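Please walk me through this structure.

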Amino acid sequence: MAHTVFCARYKQELEGLEEPPFDSDFGQKIYKSVSKRAWGEWIEHQKMLLNEYRLQPWTPQAQEFLVEQMNQYFFGDGAALPKEYVPPSS
């Protein structure tokens, strides 16, 4: 049976992640309260942040920034888009 969670982003019961994304308390929090759907959307949002801010994800500064953004995305008011961001045209 699939792991289900009450998704912090969508405020409804949805399929959860197969395992915690990080080996930390924050990873456990995400595992227990973020759906697979919301996590997939975060991954796309994270890619945009990495590109727009030209972040190097292996640096501690970038990792700290991404964790802050992730916390806002799932548990805060939502992550803000960069001022300079222009969505891709279809």
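**Along helix α2**

Glu 44 and Lys 47 both sit in helix α2, three residues apart, which is about one turn of the helix. The model that shows them is a predicted one. The two side chains form a salt bridge, and their closest N and O atoms are 3.0 Å apart.

A helix has 3.6 residues a turn, so residues three or four places apart point the same way. Side chains of opposite charge can pair when their charged atoms come close.

Glu 41 and Arg 37 meet in a salt bridge, at 3.8 Å from N to O. They are four residues apart in helix α2, so about one helical turn separates them. Glu 41 has 29% relative accessibility and therefore counts as partly exposed. Arg 37 has 45%, so it also counts as partly exposed.

How many salt bridges are there by this rule? The count comes to four. One of them involves Lys 36, which bridges to Glu 18 with the closest N and O atoms 3.4 Å apart. This pair links distant parts of the chain. Lys 36 is in helix α2, while Glu 18 is in the loop between β2 (13–15) and α1, 18 residues away. Lys 36 counts as partly exposed because its relative accessibility is 33%. Glu 18 reaches 68%, so it counts as exposed. Salt bridges that share partners join Glu 15, Glu 18 and Lys 36 into one network.

**The helix as a whole**

After the helix comes Arg 54, whose phi is positive, near 50°.

**The buried side**

Which residues of α2 are buried? They are Ala 38, Trp 39, Trp 42, His 45, Gln 46, Met 48, Leu 49 and Leu 50. The cover over them includes α1 (25–33) and α3 (60–75).

In soluble globular proteins, nonpolar side chains tend to be buried together. Here the largest nonpolar core holds 17 residues. Ile 30, Val 34, Trp 39, Trp 42, Met 70 and Phe 74 touch the most other members. The elements that give two or more residues to this core are α1, α2 and α3. The largest share, six residues, comes from α2.

Take Trp 42 as an example. Leaving aside residues up to four places away in sequence, Trp 42 touches Leu 49, Leu 66, Gln 69, Met 70, Tyr 73 and Phe 74.

**Out to the end**

Ala 80 lies in the segment after α3. Is Ala 80 buried or exposed? Its relative accessibility is 55%, so Ala 80 counts as exposed. How far is its C-alpha atom from that of His 3? The two C-alpha atoms are separated by 29 Å, and the residues are 77 apart along the chain.

Methods
Residues are numbered from 1 along each chain as its sequence is written. This is a predicted model: local features need pLDDT of at least 70, side-chain atom pairs count only at pLDDT 80 or more; totals for chains, interfaces and linings use all residues. Side-chain values use heavy atoms; hydrogens and water are left out. Buried means under 20% relative accessible area, exposed over 50%, partly exposed in between (1.4 Å probe, protein chains only). Contact means heavy atoms within 4.5 Å. A nonpolar core is a set of buried Ala, Val, Leu, Ile, Met, Phe, Trp, Tyr and Cys residues joined through side-chain atoms within 4.5 Å.
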